[in-house]
Amino acid sequence: QVQLVESGGGLVQPGGSLRLSCAASRSILSSIVMGWYRQTPGKQRELVASITSGGSTIYAESVKGRFVISRDVAKNTVNLQMNSLKPDDTAVYSCNFRTIYNGRPTDYWGQGTQVTVSS
């Protein structure tokens, strides 16, 4: 079992910045990959950014150049720095921890944190 606790969401004006953090209850290096996903009502959850245990990163096209995913191995946290925020970035952002359990990929999710970009 892995518990994930997200923090850092809130209300921000367009063009502003927010930093999301995801604290894991065990070493993030025991994951295959960790990521941030977002979802709005009526839409499928989408990957925003991910980072593998080896440190490789992937970003959604819509956030490239604006968002940066990083990790602090000592603190077992993965962060998402979000800059130049747009109203379209408004969503519930959730942290994901994927690992292998009983030989199968297993996902753990945080509770989600609301990000609202509005003037």
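Biologist: Into how many nonpolar, polar and charged residues does the lining of the largest cavity divide?
Modeller: The model is a predicted one, and the lining of its largest cavity consists of Ile-28, Ser-31, Met-34, Ile-51, Thr-52, Ser-53, Arg-71 and Val-78. Sorted by class, these lining residues come to four nonpolar, three polar and one charged.

Biologist: What volume does the largest cavity have?
Modeller: With a threshold of 30 Å³ or more, the count comes to one cavity. The volume of the largest cavity is about 40 Å³.

Biologist: Is Ile-28 buried or exposed?
Modeller: Ile-28, one of the residues that line the largest cavity, is found in the loop between β3 and β4. Its relative accessible area is 2%, and a residue must be under 20% to count as buried. Ile-28 is therefore buried.

Biologist: How far apart in space are Ile-28 and Gln-39, C-alpha to C-alpha?
Modeller: Along the sequence, Ile-28 and Gln-39 are separated by 11 residues. In space, from C-alpha to C-alpha, the separation is 23 Å.

Biologist: Which residue of β8 stands opposite Leu-20?
Modeller: Strand β3 pairs with strand β1 (residues 4-7) in the antiparallel sense over four bridges, and there Leu-4 stands opposite Ala-24. Strand β3 also runs antiparallel to strand β8 (residues 77-82), to which six bridges join it. In β8, the residue opposite Leu-20 is Leu-80.

Biologist: How many aromatic pairs are there, by the rule used here?
Modeller: A pair of aromatic rings is described by how far apart the centres lie and by the angle between the planes. Rings pair if their centres lie within 6.5 Å, and by this rule the count comes to two.

Biologist: What kind of aromatic pair do Tyr-37 and Trp-109 form?
Modeller: The ring centres of Tyr-37 and Trp-109 are 5.0 Å apart, with 70 degrees between the planes. The pair links distant parts of the chain, since Tyr-37 lies in strand β4 (residues 33-39) and Trp-109 in strand β10 (residues 104-109), 72 residues apart. Tyr-37 is partly exposed at 21% relative accessible area, as is Trp-109 at 31%. Because planes over 60 degrees apart count as edge-to-face, the pair is edge-to-face.

Biologist: How far apart are the centres of the rings of Phe-97 and Tyr-108?
Modeller: These two rings form an edge-to-face pair, with their planes at 70 degrees. Phe-97 belongs to strand β9 (residues 91-101) and Tyr-108 to strand β10, 11 residues apart, and both residues are buried. The centres of their rings are 6.5 Å apart.

Biologist: Which residue has its charged end over the ring of Trp-109?
Modeller: Trp-109 is partly exposed, at 31% relative accessibility. A charged end sits over its ring, 3.7 Å from the ring centre, and belongs to Arg-45.

Biologist: How many charged residues does the lining of the largest pocket have?
Modeller: The largest pocket, with a volume of about 200 Å³, is lined by 13 residues, of which Arg-38, Lys-43, Glu-46, Asp-88 and Asp-89 lie nearest its centre. By class, two lining residues are nonpolar and four are polar, while the number of charged ones is seven.

Methods:
Residues are numbered from 1 along each chain as its sequence is written. This is a predicted model: local features need pLDDT of at least 70, side-chain atom pairs count only at pLDDT 80 or more; totals for chains, interfaces and linings use all residues. Side-chain values use heavy atoms; hydrogens and water are left out. On a 1 Å grid over the protein atoms alone, a cavity is a set of points where a 1.4 Å probe fits but cannot get out, and a pocket is an open set with protein on both sides within 12 Å along at least five of seven lines; lining residues have an atom within 4 Å of a point. Grid points are joined across faces, edges and corners, and a volume is the space filled by probe spheres set on the points. Ala, Val, Leu, Ile, Met, Phe, Trp, Tyr, Cys and Pro count as nonpolar, Asp, Glu, Lys and Arg as charged, and the others, Gly among them, as polar. Rings of Phe, Tyr and Trp (its six-membered ring) pair if their centres lie within 6.5 Å; planes under 30 degrees apart count as stacked, over 60 as edge-to-face and the rest as tilted. Helices (H or I, at least four residues) and strands (E, at least two) are DSSP runs, numbered from the N terminus. Buried means under 20% relative accessible area, exposed over 50%, partly exposed in between (1.4 Å probe, protein chains only). A charge sits over a ring if NZ of Lys or CZ of Arg is within 6 Å of the ring centre and within 35 degrees of the ring normal. Two strands pair if DSSP finds at least two bridges between them.
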